[in-house]
Every structure is written in structure tokens, then in C-alpha cells.
Amino acid sequence: MTRIALIGGGRIGEALLAGLLDAGRAAKDLVVAEAVPARAAELEELFGVRVTTVADAAEGADIIVVAVKPADVDAVINELATVDIDAEREQLIVTMAAGIPTSRFEPKLPAGFPVVRVMPNTPMLVGEGMTAVAPGRYAKESHVELVRELLTSVGKVVTVTESQMDAVTAVSGSGPAYFFLVVEAMMEAAVGLGITHRTAKTLIVQTMIGSAAMLERSGDSAYELRAAVTSPAGTTAAAVRVLEEKGLRSAFIEALRASRDRSAEQGAVNE
Ligand SMILES: NC(=O)C1=CN([C@@H]2O[C@H](COP(=O)(O)OP(=O)(O)OC[C@H]3O[C@@H](n4cnc5c(N)ncnc54)[C@H](OP(=O)(O)O)[C@@H]3O)[C@@H](O)[C@H]2O)C=CC1
Ligand SMILES: O=C(O)[C@@H]1CCC=N1
């Protein structure tokens, strides 16, 4: 079985770990390097995985997943550069850090060492992740396939070019937060209209799940599905008019641009 080293056991690292274990991967094939001792102990306790140093984790792994904050990536690269990793042993690095290009890794690693950049999201935790995968300069089709296979066990996977990664980050990497924000706002509104918190959550979550399922399964566009909900002079038209007047559409356009730009900016630091 493929041995996976996770460098950085934070929010996204935990989503990956939990998703992989739920998908049937054995804890003995997963090893974690985590800087915060209390967090390391928590991960050992929660998931039964071994927590060790970056060097030990990386040397024994087939796939080394880097899931630290963008600002910490250089330190991890420098550490990986000093350990015994080798493309001939079929090892590869997968980086999840927003904005950081594969070209930041490649010059510091053994010649030709393959790096694959990915942008996952936290729903991996429940097997419903969305991950985009882009090969670096030395990653072959077989490396991309291996990464796709790994991440398909925790959700959907698309392959993109690395130049699209900052945009993908704005759409699906950060995307869960936009939906959670919409739910927060709808919850507040529903409770304000006299519905209990518990009932409001049931109504909203199932409405999201149902709407997503229709988008996925019907051949119709979001516009067509929305039109089918909107009775002439009815309730939906009244609500949508307010949302449009308040600038929801342009807010999303500007928000995703800001997210894309922030991703690129994180990659540009220290270049
Ligand atoms: N959260 C998300 O939804 C997504 C995040 N990402 C990317 O994943 C990366 C991690 O994000 P996130 O999980 O939110 O961040 P977190 O801060 O929650 O997790 C990163 C963890 O790595 C630890 N760490 C830092 N340096 C090292 C090191 N040298 N060795 C071992 N562990 C280290 C951190 O410790 P400390 O706290 O001390 O720094 C922290 O516990 C980011 O680059 C982000 O862009 C990508 C997609 C989605
Ligand atoms: O907020 C962030 O920077 C990370 C990257 C995508 C989702 N979370």
C-alpha cells in the first residue's frame, strides 16, 4: 500500500487524514509531522497515526503531502532538501499550499524530483472533497494518476494547469466558506422570522443538498433551475430582487477576484 507522509496536521491535514481513514486506508500507512506538540498528540489520539519528524516521515513515504501555511512552506522545503528523498524510489511531493508554485520546490530538491500541486477543500473530511490537481515540471502522467487516485477516495478530482490554480483556489478551495457564510446569514434570517434554530438548520441544509443534487443530476443550468422556482410575482421573485439590489452577484465576482489575487500574492512572497 502507498505510504503517505503528511507534513502539517492542521485543518486541511485533518480533513485529508479523516477522509483517507474513512475511505479504508490503514492508519499504519499514514504518518504525520506536526510542529505543535499538543496538536501532534491530539492527532495520534484521534486517528491512531504515528507522528514524527519531517525527515523521518518523508524518508519512509511514497507520497509526501505538504499541508503547512504558505508562509511555512519554505522552511519545509529547506528541511526536505536535507533528507534522503529520491525520485528513483518513486517518491513524490504533493503540495496543498495556496499560491505556492511547484517551481518553489523543484530547484531545492534532488534533480528531476516530481512535485504535484493540488487544491483540495475541507469536505474531504466527509468524502465529498473537490480537488484540482496540476503537475509540476517533473511530474509524469503516472504521478498525476497516483495523486488523482489518492484524492478520488475522498471526493472528486479534476486536472488543471498550474496557471489556473489561483483561480481554482478562489472557487473551490475557499468555496466551502462562502456556502457556510450563506448558511449563517440564512440561519439568522430564519430565526428572525420565528423558526427555531434546529428547524432552520434542517430546512437550510436539506435545501442546499437538494439544490446541489439537482444541479449535479439534471442537465439544467443554475439559471434554469432558479427560473423553475420563481413563480410569477411570487415569493422567490421578491427575495431574488432584494439579493440582486444588494449586489450579491457583483459581491461574488469581486470576492473571487480578491481570493485569486491573495493566492497569487502568497506565492509571490519571497520569490
Ligand atoms: N483550510 C483549508 O480549507 C485549505 C487549506 N489549504 C492550504 O493548506 C495549508 C494548510 O492550511 P490549514 O490546514 O488551514 O492551516 P493550519 O495552520 O490549520 O495547519 C498547518 C499546521 O502545520 C503546522 N506546521 C507549520 N510548520 C510546520 C513544520 N515545519 N512541520 C510540521 N508542521 C508544521 C502548523 O503549526 P503552527 O500552527 O505552529 O504554524 C499547523 O498546525 C495552507 O497552505 C493552505 O493554503 C488548501 C486548501 C484548503
Ligand atoms: O484561506 C486559505 O488561504 C486557504 C486556502 C483555500 C482555503 N483555505
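# Close-up views of a predicted chain

**Figure 1. The chain as a whole, with its 11 helices and 8 strands.** The model shown here is predicted, and the C-alpha atoms of the chain fill a box of roughly 70 × 40 × 35 Å when this is taken along the principal axes. Of the 271 residues in the chain, buried ones make up 33%. When contacts between residues at least 6 apart in sequence are considered, 69% of them join residues that are at least 24 apart.

**Figure 2. Domain 1 and domain 2, and the contact between them.** The domain assignment of the chain gives domain 1 as residues 4-160 and domain 2 as residues 175-267, and the C-alpha centres of these two domains lie 32 Å apart. Domain 1 gives 8 residues to the contact, while domain 2 gives 7 residues. On the side of domain 1 that touches domain 2, the residues divide into 5 nonpolar and 3 polar, with no charged residues.

**Figure 3. Two spans of the chain for which UniProt lists a domain in an unreviewed entry.** Residues 3-99 are listed by UniProt under the name "Pyrroline-5-carboxylate reductase catalytic N-terminal"; over this span the chain is 40% helix and 19% strand, and the C-alpha atoms at its ends are 26 Å apart. Residues 162-265 are listed by UniProt, again in an unreviewed entry, under the name "Pyrroline-5-carboxylate reductase dimerisation". The span of residues 162-265 is 82% helix and 0% strand, and its end C-alpha atoms lie 15 Å apart.

**Figure 4. The shell of 28 residues around ligand 1.** Among these residues, Gly8, Gly10, Ala35, Ala97 and Ala98 come nearest to ligand 1. Helix H1, which runs over residues 11-22, and helix H4, which runs over residues 73-82, are the elements that give two or more residues to this shell, and the largest share, 3 residues, comes from H1. Sorted by class, the shell around ligand 1 holds 16 nonpolar, 7 polar and 5 charged residues.

**Figure 5. The residues around ligand 2.** Ala98, Thr169, Gly173 and Ser174 are the residues found around ligand 2, and Ala98 is also one of the residues that come nearest to ligand 1. By class, the shell around ligand 2 divides into 1 nonpolar and 3 polar residues, with no charged residues.

**Figure 6. The buried and exposed sides of helix H4.** In H4, the residues Val73, Val76, Ile77 and Leu80 are buried. These four residues lie on the same side of H4 because they cover an arc of only 100° around the axis. An α-helix has 3.6 residues a turn, so residues three or four places apart point the same way. The buried residues of H4 pack against strand S1 (4-7), helix H3 (54-59) and strand S4 (63-66), whereas Ala75, Asn78 and Thr82, on the other side of H4, are exposed.

Figure 7. Gln266 and Gly99 are 167 residues apart in sequence, yet their C-alpha atoms are 5.4 Å apart in space.

Methods: Residues are numbered from 1 along each chain as its sequence is written. Chains are lettered from A and ligands numbered from 1 in the order in which they are written. This is a predicted model: local features need pLDDT of at least 70, side-chain atom pairs count only at pLDDT 80 or more; totals for chains, interfaces and linings use all residues. A residue is near a molecule or strand if its C-beta atom, placed from the backbone, lies within 6 Å of it. Ala, Val, Leu, Ile, Met, Phe, Trp, Tyr, Cys and Pro count as nonpolar, Asp, Glu, Lys and Arg as charged, and the others, Gly among them, as polar. Domain bounds come from an automatic or database domain assignment. Two residues are in contact if their C-beta atoms, placed from the backbone, lie within 7 Å. A residue is buried if 20 or more other C-beta atoms lie within 10 Å of its own, exposed if 12 or fewer, and partly exposed in between; C-beta atoms are placed from the backbone. The arc is that of the directions from the helix axis to the C-beta atoms. UniProt positions are given in the numbering used here, feature names are shortened, and annotations may be inferred rather than shown by experiment.
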